[in-house]
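Me: Hey, I'm new to this one. Can you walk me through it?

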Amino acid sequence: MVETEPARRRTNSGPGRLLIAVYLLFAIAATSRAGLQIATKFDEAPVAYLLSALAALIYIVAAVGLARAGHTGRRVALACCSVELVGVVAVGILSLVDKDLFPDETVWSQFGSGYGYIPLVLPVLGLIWLWRTRRDPA
């Protein structure tokens, strides 16, 4: 009898579809917010607005990585979720410790409180989903 490798669950199936949809929703929200802020009042808080644009880019790329579901897609999604988690924690801490550092809020300010803390929870859920859909060791 020939043993076969266990099948890997696809990241774009089941609950992964909901995760992709939330990433796309946040990509739209963050892109719209950052675009408007950069276009209308960039000189007021350029770092905050550029961080929101970075968050938007990460959301877009993470959604694509999760949707593609192959080896490369998984690696891209893993990188995005990891960078996103580090970013939201770092910006969250900095925005609480030094309020003058961010004269206006970013998507990740105060751990994403302006978005119901979803920016903090989303990368954790993404990493958990990537872990659950990995190829199980034999």
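Predicted model: local features only at pLDDT ≥ 70, side-chain atom pairs only at ≥ 80, totals over all residues.

Me: OK. Is Tyr-117 buried, exposed or partly exposed?

Reply: Partly exposed, because its relative accessible area is 44%, and that falls between the 20% and 50% cut-offs.

Me: What's up with the phi of Tyr-117?

Reply: Its phi is positive, about 65 degrees, although Tyr-117 is not a glycine. Most residues other than glycine have a negative phi.

Me: Which residue other than glycine has a phi near 50 degrees?

Reply: That's Gln-110, and the value is positive. Gln-110 also has its place in the loop between α3 and α4. With a relative accessibility of 27%, Gln-110 counts as partly exposed.

Me: Let me zoom out. How many helices and strands are in the chain?

Reply: Four helices and zero strands. Going along the sequence, you read α-α-α-α.

Me: And what does the C-alpha trace span?

Reply: About 70 × 30 × 20 Å along the principal axes of the chain.

Me: How much of the chain is buried?

Reply: Of the 138 residues, 36% are buried. As for contacts between residues at least 6 apart in sequence, 68% of them join residues at least 24 apart.

Me: New topic: aromatics. How many aromatic pairs does a search of the whole structure find?

Reply: Three aromatic pairs turn up. In one of them, Phe-26 and Tyr-59, the ring centres are 5.8 Å apart and the planes sit at 75 degrees, so the pair is edge-to-face.

Me: Which parts does that pair tie together?

Reply: Phe-26 is in helix α1 (residues 15-41) and Tyr-59 is in helix α2 (residues 46-68), so the pair ties together parts that are 33 residues apart in sequence.

Me: Are those two buried or exposed?

Reply: Phe-26 counts as buried at 7% relative accessibility. Tyr-59 is buried too, with a relative accessible area of 0%.

Me: What about the rings of Phe-26 and Tyr-115?

Reply: Their centres are 5.6 Å apart and the planes are at 50 degrees, so this pair is tilted. It links distant parts of the chain, 89 residues apart: Phe-26 in helix α1, and Tyr-115 in the loop between α3 (71-97) and α4 (118-132). Both Phe-26 and Tyr-115 are buried.

Me: Which residues form one aromatic cluster?

Reply: Tyr-23, Phe-26, Tyr-59 and Tyr-115.

Me: What lies over the face of Trp-131?

Reply: Arg-134 does, at 3.8 Å from the ring centre.

Me: Back to the helices. How do α1 and α4 cross?

Reply: Their axes come within 11 Å and cross at roughly 145 degrees. The crossing is left-handed.

Me: Which residues meet there?

Reply: From α1 you have Pro-15, Gly-16, Leu-19, Val-22, Tyr-23 and Phe-26. On the α4 side they meet Ile-118, Pro-119, Leu-122, Pro-123, Leu-125, Gly-126 and Trp-129.

Key. Residues numbered from 1 in each chain as written. Heavy atoms only, no water. Phe/Tyr/Trp six-rings, centres within 6.5 Å; stacked < 30°, edge-to-face > 60°. Helix = DSSP H or I, 4+ residues; strand = E, 2+ residues; numbered from the N terminus. Buried < 20%, exposed > 50% of the residue type's maximum accessible area, 1.4 Å probe, protein only. Lys NZ or Arg CZ within 6 Å of the ring centre and 35° of its normal. Axes fitted to C-alpha atoms, helices over the stretch in contact; angles between N-to-C directions. Left-handed = near helix turned anticlockwise from the far one by under 90°. Contact = heavy atoms within 4.5 Å.
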